[in-house]
Amino acid sequence: MWQAELVKQFHKNLNEMLVEIFTNANHNFEKSKILLSIFFSGDKEMKRLNSHYRNINNSTNILSFPVLKENNNSVKNFLGDIIFSSETIHKEAKQEKKHIYNHLVHLFVHGILHLLGYDHQNEENAIVMENLEIKILKKLCIENPYI
């Protein structure tokens, strides 16, 4: 489902992406102490998870699950889980005429911002989050995905 080269490139650039996200989102974590679960999946599993956790009976491009703050047994600096759906991301990139890697990175930035507490539930929050995404992606040499 996932192209090996795409995942390899993503993995290679993971630390750079995280540094840009944390720096621009003004979050201070001890260097090299960030724990994050990343799962590369497909539409079938994503639909199951989306249905179970969000009561939405279809697939989506990415899900992010922040670590529960009230769990005192949680590992320090564990942000949570990011899950990608291959089919949905590939379809979107093709429809929107975007490079698949750039779309994947954008979704990753978006998902991490959710783990850090950002949301787009109202227009004001959406503008803040989108502007932050654009700023981070520019530092990663990726064009504004919203134009």
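Here is a quick tour of this structure, from its core to its pocket and a few individual residues. The model is predicted, so local features need pLDDT of at least 70 and side-chain atom pairs count only at pLDDT 80 or more, while totals for chains, interfaces and linings use all residues. Residues are numbered from 1 along each chain as its sequence is written, and side-chain values use heavy atoms, with hydrogens and water left out. Helices (H or I, at least four residues) and strands (E, at least two) are DSSP runs, numbered from the N terminus.

**The nonpolar core**

- The largest nonpolar core has 32 residues, and Phe84, Phe108, Ile112 and Leu113 have the most contacts inside it.
- A core of this kind is a set of buried Ala, Val, Leu, Ile, Met, Phe, Trp, Tyr and Cys residues joined through side-chain atoms within 4.5 Å.
- Two or more residues each come from helix H1 (4-12), helix H2 (14-24), strand S3 (78-85), helix H4 (86-95), helix H5 (100-115) and helix H6 (123-139).
- H5 gives the most to this core, with ten residues.
- Leu113 touches Ile21, Ala25, Tyr118, Met129, Leu132, Glu133 and Ile136, if you skip residues up to four places away in sequence; contact means heavy atoms within 4.5 Å.

**Helix H5**

- Of the 16 residues of H5, 14 are buried, so the helix is largely enclosed by the rest of the structure.
- Buried means under 20% relative accessible area, exposed means over 50%, and partly exposed is in between (1.4 Å probe, protein chains only).
- The 16 residues of H5 should span 22 Å at 1.5 Å a residue, and the end C-alpha atoms are 23 Å apart, which agrees; the expected span is 1.5 Å times one less than the number of residues.
- After H5 comes Gly117, with a positive phi near 105 degrees.

**The largest pocket**

- About 420 Å³ of space lies in the largest pocket.
- Of its 18 lining residues, Arg54, Ile62, His110, His114 and His120 are the closest to the centre.
- On a 1 Å grid over the protein atoms alone, a pocket is an open set of points where a 1.4 Å probe fits, with protein on both sides within 12 Å along at least five of seven lines, and lining residues have an atom within 4 Å of a point.
- Grid points are joined across faces, edges and corners, and the volume is the space filled by probe spheres set on the points.
- H3, strand S2 (62-66) and H5 each supply at least two lining residues, and H5 has the largest share, with six.

- Asn50 sits in helix H3 (residues 43-54) and is buried, at 1% relative accessible area.
- A polar atom of the Asn50 side chain lies 2.9 Å from the backbone oxygen of Asn58.
- Asp43 is also found in H3 and counts as buried, at 16% relative accessibility.
- The side chains of Asp43 and Ser59 are joined by a polar contact of 2.9 Å. That term means a pair of N or O atoms within 3.5 Å; within protein, one must be able to donate a hydrogen and the other to accept it, and residues adjacent in sequence count only if both atoms are side-chain atoms.

**Positive phi outside glycine**

- Lys97, in the loop between H4 and H5, has a positive phi of about 55 degrees although it is not a glycine. Lys97 is exposed, at 76%.
- Cys141, in the segment after H6, has a positive phi of about 65 degrees and is not a glycine. Cys141 is exposed, at 73%.
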